[in-house]
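Please consult the sequence and structure shown below while reading.

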Amino acid sequence: MALQTGIVVKGPNEPFVVVNDLKRQTPGPKQALVKSLAVGINPIEYLQQHTGLLVEEWPAVLGSDCVGVVLNVDAACTKLKPGDYVYGCAPIGQNKFTPFQETFLVEEDVMFKRPANISIEECCTIGVGLLTSALALIPGLELKLPKAGTQASEKDEWIVVLGGTGNVGQFAVQLAKLCGYKVLASGSPSKDSISIRNGATATFNGRGSVEEQVNSIREMTGGNFASIYDSTTYGYEVMVKALETCSTAANKKLASVDDWSEFKTPPSIKEYRVQLAHVCRRHEPIGVQVTKDIVDMIPNLEAHIALGTLRPVEYIANGVGWEKVIEGIHDLENGKISKKIVVRVQNE
């Protein structure tokens, strides 16, 4: 049995440890074995370390944003072949699919193929952020993303994105703009230029009180909006109050990345929770639906990235090697770095 190096957590609240006795997997139907080249760090990594959230087995191999090169494929694969570069969001908490190890498996239909205009490091800024916001806006808020190479008609309607300067929110701003909407994005005033660069029409202070944020939404949109997306997990009250007291729309919708808190959304508002972490969990009804939604969206999203109509976010390169991955997780958890952290783990 071939063994390999990687990072494990032996149990909840146990430290990250580099080991050299992980089993190398063999591709199943429509799967490919991929050499891990780089990873992007997300909060889910330290949440899983501390709580065991969505971990299917211990010791656990973690990881989410990833890029790698295909080593071999199952005979049923039609999209991928050896030598292809792939990236995206690994299925969370499933050891055979997670990238904090030398090689890991991917299901070809839920991964992006790397185009020539995106670097390896940039690939690691896209998967989690783009797929999270795509789920929120497309199946969630029912926006229609135009086919890559075409342009949506401009709509005289706003969509509100809470947290438009974050790694997830930046993709929401880009997507909403591509769908033809005027975009109002919240964030720190010092980072307004990020939202504007990604296509926001206007911005407001996301650090104000609920009343202040709702008033800003009212003043800037004139009530001409039907949908709000919270990419931050702490904007629920703002969403509900703005939709109830400001929106003039007949059909009101909200979407949130918070899929664990108890919401008491009024029946007049349609609610959607993003559950990206359930991708490829086909033993769960939500896993089946999320996986289907991602498979359906990937081709068009992939084409937009290749054309440059969807762009990666800024990142900080945190060195090379597994120890640097662990260091990056601690830095993110302790608030030392605000940009996306990317780590090269192996040479090509």
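## Overall architecture

The chain's secondary structure consists of nine helices and 15 strands. The model is predicted. Its C-alpha atoms occupy a box of roughly 65 × 40 × 35 Å along the principal axes.

Of the 348 residues, 59% are buried. Among contacts between residues at least 6 apart in sequence, 68% link residues at least 24 apart.

Strand β1 (residues 3–9) is largely enclosed by the rest of the structure, because five of its seven residues are buried. Strand β2 (residues 16–23) runs antiparallel to β1, and six bridges join the two.

Within this pairing, V8 stands opposite V17 of β2. Six residues lie between the strands of the hairpin, where N13 adopts a positive phi near 70°.

## The second largest pocket

The second largest pocket has a volume of about 340 Å³. Its lining comprises 17 residues, and those nearest the centre of the pocket are Q151, E154, K177, L178 and G180.

Helix α4 (residues 169–178) makes the greatest contribution to this lining, supplying three residues. By residue class, the lining of the second largest pocket contains nine polar, five charged and three nonpolar residues.

Key:
Residues are numbered from 1 along each chain as its sequence is written. This is a predicted model: local features need pLDDT of at least 70, side-chain atom pairs count only at pLDDT 80 or more; totals for chains, interfaces and linings use all residues. Side-chain values use heavy atoms; hydrogens and water are left out. On a 1 Å grid over the protein atoms alone, a cavity is a set of points where a 1.4 Å probe fits but cannot get out, and a pocket is an open set with protein on both sides within 12 Å along at least five of seven lines; lining residues have an atom within 4 Å of a point. Grid points are joined across faces, edges and corners, and a volume is the space filled by probe spheres set on the points. Helices (H or I, at least four residues) and strands (E, at least two) are DSSP runs, numbered from the N terminus. Ala, Val, Leu, Ile, Met, Phe, Trp, Tyr, Cys and Pro count as nonpolar, Asp, Glu, Lys and Arg as charged, and the others, Gly among them, as polar. Buried means under 20% relative accessible area, exposed over 50%, partly exposed in between (1.4 Å probe, protein chains only). Two strands pair if DSSP finds at least two bridges between them. Contact means heavy atoms within 4.5 Å.
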